[in-house]
Amino acid sequence: AAAGGGGSDDVDEKKRLNDYDVRNSRSFSVAHEHSPSRTLFVGSLQHNVDETELKDLFLNYGRIEGIDVKRGQGSTKATYAFIRFTTIDSARRAKDAMQGRRLELLRIKVVAEIQLR
């Protein structure tokens, strides 16, 4: 198609890119759900949450190696944490038990962290 013409080649290219994004997001989702990890991502947290509060909540599911709370700055005020367990089984139990649980006013989101290779 001519430049700026907006012909069918443009439509085909957009469809191809959209199909690529869908395939990649599906692959990401499958890899994300099936990659065992000792580290959980815990999102949708109150801004004032602290490590002690999270440790008290998650310690019931196994020994914790570390907790890293990240607080958003400026207009991005999302607060989230990474909780690293000593075993994959502990992380899996915590994820299954804590997903969607209310912590103060918010429902927290718990997912296994993606392991980058």
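User: How many aromatic pairs does this predicted model hold?
Analyst: The model is a predicted one. Aromatic rings count as a pair if their centres lie within 6.5 Å. By this rule the count of aromatic pairs is three.

User: Is the pair of Phe 41 and Tyr 80 stacked, tilted or edge-to-face?
Analyst: The ring centres of Phe 41 and Tyr 80 are 5.5 Å apart, with 35° between the planes. Planes under 30 degrees apart would count as stacked and planes over 60 as edge-to-face. The pair of Phe 41 and Tyr 80 is therefore tilted.

User: How many residues apart in sequence are the parts that Phe 41 and Tyr 80 tie together?
Analyst: Phe 41 belongs to strand E1, residues 39-45. Tyr 80 belongs to strand E3, residues 79-85, so the pair ties together parts whose separation in sequence is 39 residues.

User: Are Phe 41 and Tyr 80 buried, partly exposed or exposed?
Analyst: Buried means under 20% relative accessible area and exposed means over 50%. Phe 41 has 24% relative accessibility, and Tyr 80 has 28%. Both values fall in between, so Phe 41 and Tyr 80 count as partly exposed.

User: Which aromatic cluster includes Tyr 80?
Analyst: Tyr 80 also pairs with Phe 82 in an edge-to-face arrangement, 5.8 Å centre to centre and with 90° between the planes. Phe 82 is partly exposed at 24% relative accessibility. The one cluster is formed by Phe 41, Tyr 80 and Phe 82.

User: How many salt bridges does the structure hold?
Analyst: Side chains of opposite charge can pair when their charged atoms come close. Here the number of salt bridges is four.

User: How many residues apart are Glu 65 and Arg 38, whose side chains meet in a salt bridge?
Analyst: In this salt bridge the N to O distance is 2.8 Å. Glu 65 sits in strand E2 (residues 64-71), while Arg 38 sits in the loop between helix H1 (8-34) and E1. The pair links distant parts of the chain, and its separation is 27 residues.

User: By about how many helical turns are Asp 89 and Arg 92 separated?
Analyst: Asp 89 and Arg 92 form a salt bridge, with the closest N and O atoms 3.5 Å apart. Asp 89 is partly exposed at 47% relative accessibility, as is Arg 92 at 43%. Because these residues are three apart in helix H3 (residues 88-98), their separation is about one helical turn.

User: What pattern does the protein chain follow along the sequence?
Analyst: The secondary structure comes to three helices and six strands. Read along the sequence, their order gives α-β-α-β-β-α-β-β-β.

User: Among contacts between residues at least 6 apart in sequence, what share joins residues at least 24 apart?
Analyst: A contact here means heavy atoms within 4.5 Å. Among the contacts in question, the share joining residues at least 24 apart is 64%.

Conventions. Residues are numbered from 1 along each chain as its sequence is written. This is a predicted model: local features need pLDDT of at least 70, side-chain atom pairs count only at pLDDT 80 or more; totals for chains, interfaces and linings use all residues. Side-chain values use heavy atoms; hydrogens and water are left out. Rings of Phe, Tyr and Trp (its six-membered ring) pair if their centres lie within 6.5 Å; planes under 30 degrees apart count as stacked, over 60 as edge-to-face and the rest as tilted. Helices (H or I, at least four residues) and strands (E, at least two) are DSSP runs, numbered from the N terminus. Buried means under 20% relative accessible area, exposed over 50%, partly exposed in between (1.4 Å probe, protein chains only).
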